[in-house]
Amino acid sequence: MSLDMFLQHLANGISLGGLYALIAVGYTMVYGILRLINFAHGDIFMMAAYMAFYGVALFHLPWYVSFAVTIGLTAIMGVVVERVAYRPLRDAPRISALISAIGVSLLLQNVGIVAFGGRPKAFPRPALFALEWKFGEIRVLSLTLFIILITLLILVGVFYLVYRTKIGRAMRAVSWDFGIAGLMGIDFNRVVALTFAIGSALAAAGSIMWGMKFPQLLPLMGVVPGLKCFIAAVLGGIGSIPGAMLGGFLLGVGEIMIVAFFPTLAGYKYAFAYLALILILLLRPAGLLGRIVEQKA
Amino acid sequence: MSKHAPRMLTAVSLVTFFLLLVWAEGNLDPYLRRILNLIAINVIWAVTFNLIYGYTGQFSLGHAGFIAIGAYTAALLTLPLAQKEQNFFLTPLISPLNTIELPFLPSLIGAALLAGVAGILIGIPSLQLRGDYMALVTLGFSEVIRVIFMNLQSLTNGSLGLKGIPGHTNLLWSWGCAILTIFIIRKLASSSYGRAFKAIREDEIAAETTGISLFNHKLMAFAIAALFTGLGGGLMANLISTVDPNLFSFVLSYQVVTVTVLGGVGSLTGSVLASAIYVSLFELLRPIDQPMTLGGITIPGRPGMRMVMFSIVFLVVILFYRRGLMGTSEFSWRWLLSKLERLFGRERQEA
């Protein structure tokens, strides 16, 4: 493989990894605070893609307006899902909330099937993102570079929010120990709602870029990225935001590279993420950057 | 009530039930029989999930994988040789399998045993983990199984699937297997092993300090559940007569979880009732997928509407009736008789 080819694959891998990272951060934030695998995260991602699509196709909004509205609405949707399906189960055994998350995921998927139909929809790709840029011998779609750039900007923003602001400190406190955090006067429910809002907004941003990268919308499109990004979050250490970012990039680059180097294994591409998950959980359950957390019963 | 009376009642009702099945097999139309068969298969899966989660407290999302192993094993063993050649037109089936065609019983046993072995192999690593981590890893294994089946062209025919599997499954087979599964798991649950399972569910540390080997017991429950799950898979393959890898995605595992939760986690009676309700509700709701006319207004049918209804029911149950239909209680003759007594006793007083 020539260096040019390698660099091209690398750019592809990083842009895919960036999208994984955006979604993985949503998983990890929710898990860090509620110790809940939000199985519905992938389906919120799917809903966001359709919202952005209909904003442009049905309401004829300019793409930037549609995308911004989508991010806002998706954040609200995340908060609503938490309020309706997870908050009532806060005192129940942890598995109950997990089962409820499975229920929400099923509901969103099926609402998607009924409302949007099973026929794939073509996501719009604004001209700005469809340019082809040449760097020497390497050809890159402008979208690929934009994805990397935007993802990095968003991730820096998340870092700033979580590690440099007051509400971020509250989130970290709650994820350490929500009981004590409550005693310190932190409003637990507000922090949880905010976490869901941010996580869902990130998923929406990821979803829009995903839609432009793979412009085919289906009601079940959130399932596979959802699971993979959860794996990315576990890979990096669930509950750790830098870990989720690292996991996302590793998974994205790894997937592209494996197919690039071993084309015969392409059929097993999907299984690699799972094998990585199984290995990491058995060898280092805390993930690459995670801290060992005692499981709360 | 005398000590032997419940056992007698059980025997009598079992005989009656089987006579009814024989009658149903001969007299009901294929559609109804298919529904009854599906109920029995769902009973098997829900009951085995109950063994892992309800009794032993380990949340597994790997049922689809074991079902797939059972279904493919039974399918490959029962497929007539001519059908095999027709199915595997891209790449021929590998050597020992392309010359054998077994009757149903040995095929089912093979399906169950292979799934049981897979249960041991998957259980050994997965059961090291707890809670949702274990759920994820089992889900991962089941998806890996599906992807492997999708790609092993010369063994499973890949994504083309297998067609023309003989329809050996009838009501006697399916309900026979379901009752056998219930019976064995019930026996197991009331044995010392079963008490150890429940101790593990309640408190792992406390159970360990009383000398219960956590790992051995968890593995035992997991492998036995996998074994019967595979049996159910074999029955399913020979009922629906075509299988392909996408049937066995994790959605199938979700379905098993749903049925069990609906019935009440920890209650086998609940699992049976919930399977019956789930399968029949799914059929009864079929009309809402089609257009209907209500008072002169035609509501266009939307395929998938019943899945939406179903998901809502599922969410309502988990949010508001977390105990499910039965909670953890089981059906017993004593309970039924005391109910009847109270009912008729009151009537006598009124008269």
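Asn157(B) counts as buried, with 25 C-beta neighbours inside 10 Å; a residue is called buried if 20 or more other C-beta atoms lie within 10 Å of its own, exposed if 12 or fewer, and partly exposed in between, with C-beta atoms placed from the backbone. The model here is a predicted one, where local features need pLDDT of at least 70, side-chain atom pairs count only at pLDDT 80 or more, and totals for chains, interfaces and linings use all residues. Residues are numbered from 1 along each chain as its sequence is written, while chains are lettered from A and ligands numbered from 1 in the order in which they are written.

Back to Asn157(B), which is found in the loop between helix H7 (153-156) and H8 of chain B. Helices (H or I, at least four residues) and strands (E, at least two) are DSSP runs, numbered from the N terminus. The phi of Asn157(B) is near 65 degrees, a positive value in a residue other than glycine. Ser241(B) also has a phi near 65 degrees, again positive in a residue other than glycine. Ser241(B) sits in the loop between H11 and H12 of chain B, and with 15 C-beta neighbours inside 10 Å it counts as partly exposed. Then there is Thr99(B), in the loop between helix H4 (81-87) and helix H5 (104-126) of chain B. Thr99(B) is exposed, with 9 other C-beta atoms within 10 Å. From C-alpha to C-alpha, Thr99(B) and Pro80(B) are 9.4 Å apart in space, though 19 residues apart in sequence.

Now for the helices of chain B. Helix H8 (residues 171-190) has 20 residues and reaches 28 Å from its first C-alpha to its last, close to the 28 Å expected at 1.5 Å a residue. That expected span is 1.5 Å times one less than the number of residues in the helix. The buried residues in H8(B) are Leu171(B), Trp173(B), Ser174(B), Trp175(B), Cys177(B), Ala178(B), Thr181(B), Ile185(B) and Ala189(B). As background, an α-helix has 3.6 residues a turn, so residues three or four places apart point the same way. The cover over the buried residues of H8(B) includes helix H1 (5-27), helix H2 (30-55), helix H9 (192-202), helix H11 (214-240) and helix H13 (268-284) of chain B.

H2(B) also packs against helix H12 (residues 250-263) of chain B, at an angle of about 75 degrees and with the axes 9 Å apart. Axes are lines fitted to C-alpha atoms, for helices over the stretch in contact, and angles run from 0 to 180 degrees between N-to-C directions. H2(B) and H12(B) are therefore roughly perpendicular to each other; angles under 35 degrees count as roughly parallel, over 145 as roughly antiparallel, 65 to 115 as roughly perpendicular and the rest as oblique. On the H2(B) side, the contact is made by Asn42(B), Trp45(B), Ala46(B), Phe49(B), Asn50(B), Tyr53(B) and Gly54(B), and on the H12(B) side by Val256(B), Val257(B), Val259(B), Thr260(B) and Gly263(B). Two residues are in contact if their C-beta atoms, placed from the backbone, lie within 7 Å. Sorted by class, this contact has 7 nonpolar, 5 polar and no charged residues. Ala, Val, Leu, Ile, Met, Phe, Trp, Tyr, Cys and Pro count as nonpolar, Asp, Glu, Lys and Arg as charged, and the others, Gly among them, as polar.

Where the two chains meet, chain A puts in 32 residues and chain B 33 residues. On the chain A side, helix H4 (94-116) and helix H11 (269-283) each supply at least two residues. The largest share of that side, 15 residues, comes from H4(A). By class, the side of chain A that touches chain B has 25 nonpolar, 6 polar and 1 charged residues.

Chain A has its own helix worth a look. Helix H9 (residues 223-236) of chain A has 14 residues and reaches 20 Å from its first C-alpha to its last, close to the 20 Å expected at 1.5 Å a residue. H9(A) is mostly covered, with 13 of its 14 residues buried. Val224(A) has its place in this helix and counts as partly exposed, with 13 C-beta neighbours inside 10 Å. The C-alpha atoms of Val224(A) and Tyr270(A) are separated by 8.5 Å, although these residues are 46 residues apart along the chain. Just after H9(A), Gly237(A) takes a positive phi of about 110 degrees.
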